[in-house]
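I opened the structure today and kept notes on what I looked up. The entries follow in the order I made them.

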Amino acid sequence: MYKTKPSKRTPQVLAKAGKAMACWSGNRNPVYFNRELSWFAFNRRVLEQAQNEESPLLERVKFLAIVSANLDEFYEIRVAGLFQQQRATESELSIDGLTPLQQLAQIRTEASKLVKEQYACWHRLLLPALAKEGIVFKTAVQLDAGEKKWVEDHFHKKVQPVITPLAIDQAHPFPLVPNKTLNLLLSLDNPGRPAGQKHLAILPVPRSLPGIVLLDDGIKDGHQRFIFLSEIMKLHAGELFPDYHINRASSFRVTRNSDLYIDDEEAENLLKKIEEELRNLHRGAAVRLEIEPGLEEPILQAFCRKLAVPSDGIFKIDGPLNLMRLFSLYERTERPDLKFPPFASAEPLVFQGRRSLFNAIVERDVLLHHPYESFSPVVAFIEEAARDPEVLAIKQTLYRTSGDSPVVQALIDASHSGKQVTALVELKARFDEANNIKWARELEEAGVNVVYGFVGHKTHCKCSLVIRQEANGLRRLAHLGTGNYNPKTALVYTDLSLFTACPEITFEIAELFNSLTGFGRLPEFKHLLVAPFNLHARTQELIAAEAANAAAGKPARIIGKMNKLVDQVTIDNLYAASQAGVKIDLIVRSTDCLLPGVKGLSENITLRNIVGRFLEHARIYYFENGGQPLVFAGSADWMPRNFFRRVEVLYPIYDPELRRRVIEEILPAELRDNVDARVLDSDGCHRKPMRADGEKLLSAQGCFMKFAHRNGDVPTVAPTFLFPIGSEKN
């Protein structure tokens, strides 16, 4: 019987797993991988891309910046949550049985290692490699006389007018240091006062100015020379305190709790409540302090007390703080030879030469694989609906979208033309809250019915529904996706889009929209898997059915591609299916709590992740179903939040050719990737896949880029040179 709630493993199962898991010591449950440590394993995979000398140099720099961005968010959300749990009267144990305090200790160890590796990559690998390519970073002490003069002029003309020194004394209360801002902490002496009396001041590095400055505004002797803005400010900080002597100027940065804590049921006006919370985010509790070494210890300790930062959240960084600034180096440096070759998404053949996308969709379902195939038909679908006089209504979910969203503009245009337009805008899309509030207000002003979804649930599904008047009556057409309606991220996120006019599916999408916007009975879904209604239960049923098929000697196979795998019930049922003989292959981009390959428990499970040029984002689920495969795609990971606290949709792929494309092209390529993929072992380590003698290197993302432009068009049927499911090598 499949499980529907967490339960403890039997002593016999634990004993079987124990020998293989001897490296997991202490009070850990040996059948689960700690969620936070799993995240570090993923971010170390991103760091590998920065360390990889075979990748273009500026792409490696960008990956290093991504490591910093990931670590920031991890502390803002995950670590902040653990600190809150630690202070609570009651706190939950992690899936592997650790208390918040124990997890924080592990995080401190892993974060210290990661930061050390990150800065070793910058100092030992990237800086020398950049210098060889004529891209030189200078510190204040490395400037020659001419460069010092240029820096001095730059400081006086462009920097000094916008900076504000903040003294710390009885007349000046300790200032609020906003989240993730870069600052200088100055230790000063006043020669006119008794010796030994120290003074402190903070000098915020202006966020309105570029964090990386191009020296001389050009190239000298074939070299581009850069200096960090904070270095310029250190060099001239003394000018802001003319009667003082600066002993030390140390860059520092504070990371604060950035999660929104809003009780939807208590918030009378959700939009206004979120706006208030956003204004308070920069005041969140400090969870991390990054600071350059060298500050006198008593001064540092007093400073940390003022910030109220936990002792295990203090990191002394020997190098430039906030390596996210390196994103601008990538964007501003015109060196195509140091970047990935340009890739232009292919325009789908099925839509080429057609005046109407709707006609093509009515003829048959269409599946697109982004970014290899253009995202423009998704935008064009909504724009055509806005223009078409026969379209009566449009219903749209918006979770994240671009700042100049053509999707939102199309909805506004549709409303202005008299169509009935409904937009489900998720106000609590993390770090996009302000952007979504802006769009919600603009849509409301245009007459769009703006709805914020279920109380207590984020609307995370990706659905667009068009209702059109035709000669034979009303017809529904839909787009369903695995990614957001964001043309910009669609260039770098891998996702699937399904266009369909299938009456059964479009009817259920209409039922979903009606349940989200109004009152009434809980909807029933026979085709879609929808959270929080039937997604979790059906997932467990599908896993259990594979286990039953294996026990009966029928074909049994599960393939799951997702971003995260955390739900304990699902993991336990996958373990049970493995023990029943089901072959299970999982492709999990980041956080994972399942341990594959444990004898007697999960030896029939493999787990891998792919970190490459594009961000793996599509969710795809395959069940062998006794030889009649079921394929689903959609917005949901296998996590408790996706099953129970979000509105999610997984949609079936019914068209035989489209299903065959997923089964014979997309999934096998990812399972056979031996370039960008890493395989998770039972000891929690990621390793390169083993290659048989003579086996060629294969990058799934590289294959998909070639597929998209084969013969100048997008294939509607899978290529035959890849092995179909069931015959690919392991």
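I first wrote down that the bend at a residue is the angle between axes fitted to the seven residues ending there and the seven starting there. This is a predicted model, where local features need pLDDT of at least 70, side-chain atom pairs count only at pLDDT 80 or more, and totals for chains, interfaces and linings use all residues. Residues are numbered from 1 along each chain as its sequence is written, and side-chain values use heavy atoms, with hydrogens and water left out.

**Entry: helix 3.** I looked up helix 3, residues 57-87, and found a bend of about 35 degrees at Tyr 75. Helices (H or I, at least four residues) and strands (E, at least two) are DSSP runs numbered from the N terminus. Helix 3 has 31 residues and reaches 44 Å from its first C-alpha to its last, close to the 45 Å expected at 1.5 Å a residue. The expected span is 1.5 Å times one less than the number of residues.

**Entry: whole chain.** I noted 19 helices and 27 strands. Of the 730 residues, 56% count as buried. Buried means under 20% relative accessible area, exposed over 50%, and partly exposed in between (1.4 Å probe, protein chains only).

**Entry: Ser 602.** I found Ser 602 in the loop between strand 20 (583-588) and strand 21 (605-610). Is Ser 602 buried or exposed? Ser 602 is buried, at a relative accessible area of 0%. A polar atom of its side chain lies 2.6 Å from the backbone oxygen of Leu 595. Leaving aside neighbours within four places in sequence, I listed the residues in contact with Ser 602 (heavy atoms within 4.5 Å). They are Tyr 575, Ser 578, Leu 595, Pro 596 and Gly 597.

**Entry: cis peptide bonds.** I checked the bond from His 370 to Pro 371, which is cis with omega near 0 degrees. Pro 371 sits in the loop between strand 10 (366-370) and helix 11 (376-387). The bond from Ala 531 to Pro 532 is cis, with omega near 10 degrees. Pro 532 is in the loop between strand 18 (529-531) and helix 15 (535-551).

**Entry: positive phi.** I looked up Lys 180, a residue other than glycine, and its phi is positive, near 60 degrees. Lys 180 lies in the loop between strand 2 (166-168) and strand 3 (182-189), and is partly exposed at 28% relative accessible area. Asn 322 has a positive phi near 60 degrees. Asn 322 is in the loop between strand 9 (314-316) and helix 9 (326-332), and counts as buried at 15% relative accessibility.

Definitions and conventions. Polar contact = N/O pair within 3.5 Å; in protein donor to acceptor, adjacent residues only side chain to side chain.
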